[in-house]
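Work through the exercises below with the coordinates open. Each task is followed by a stepwise solution.

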Amino acid sequence: MRATQGRVQAERSVLNKQSDLVSFMILSKTYKKILDALPEGVFVFDEKLRVKFTNAAFQHSFASGTMKGTLSQVLACPQE
């Protein structure tokens, strides 16, 4: 039982590290430049729906809201 729990924890640790790596790659300067060049609004959020990045088109479309925080804050949409 303990071996199984240890293996599950190790697998979760690997998945968390992979998730962190993906987040880092998405938020790197190169990816930001690419996403900023798109005419469509783009936002990147994490598993807790916290917005990590918004491109220029998204910022133009939602200029009245904040560009960081939860998804509902960025979209200026109250949660129910």
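**Exercise 1.** Find which residues form the positive surface patch.

Solution. The patch consists of K29, K32, K33 and K68. Patch members have over 30% relative accessible area and no salt bridge, and like charges are joined within 9 Å. A salt bridge puts a side-chain nitrogen of Lys or Arg within 4 Å of a carboxyl oxygen of Asp or Glu. This is a predicted model: local features need pLDDT of at least 70, side-chain atom pairs count only at pLDDT 80 or more, and totals for chains, interfaces and linings use all residues. Residues are numbered from 1 along each chain as its sequence is written, and side-chain values use heavy atoms, leaving out hydrogens and water.

**Exercise 2.** Trace the pairing of β2.

Solution. Start with β1 (43–45): β2 (50–54) pairs with β1 in the antiparallel sense over three bridges. Pairing requires at least two DSSP bridges. F43 has T54 as its bridge partner. Four residues separate the strands of this hairpin, and L49 in the turn has a positive phi of about 60°. Next, β2 pairs with β3 (69–70), also antiparallel, over two bridges. There R50 stands opposite T70.

**Exercise 3.** Relate Q59 to F43.

Solution. Q59 lies in helix α3, residues 56–61. Its relative accessible area is 35%, so Q59 is partly exposed. Q59 and F43 are 16 residues apart along the chain, and their C-alpha atoms are separated by 9.2 Å.

Definitions and conventions:
Patch = residues over 30% accessible without salt bridge, like charges linked within 9 Å, V, L, I, M, F, W, Y side chains within 5 Å. Areas by Shrake-Rupley, 256 points an atom, 1.4 Å probe, with all protein chains shown as cover. Lys, Arg positive; Asp, Glu negative; His and termini not counted. Charge placed at Lys NZ, Arg CZ, Asp CG, Glu CD. Buried < 20%, exposed > 50% of the residue type's maximum accessible area, 1.4 Å probe, protein only.
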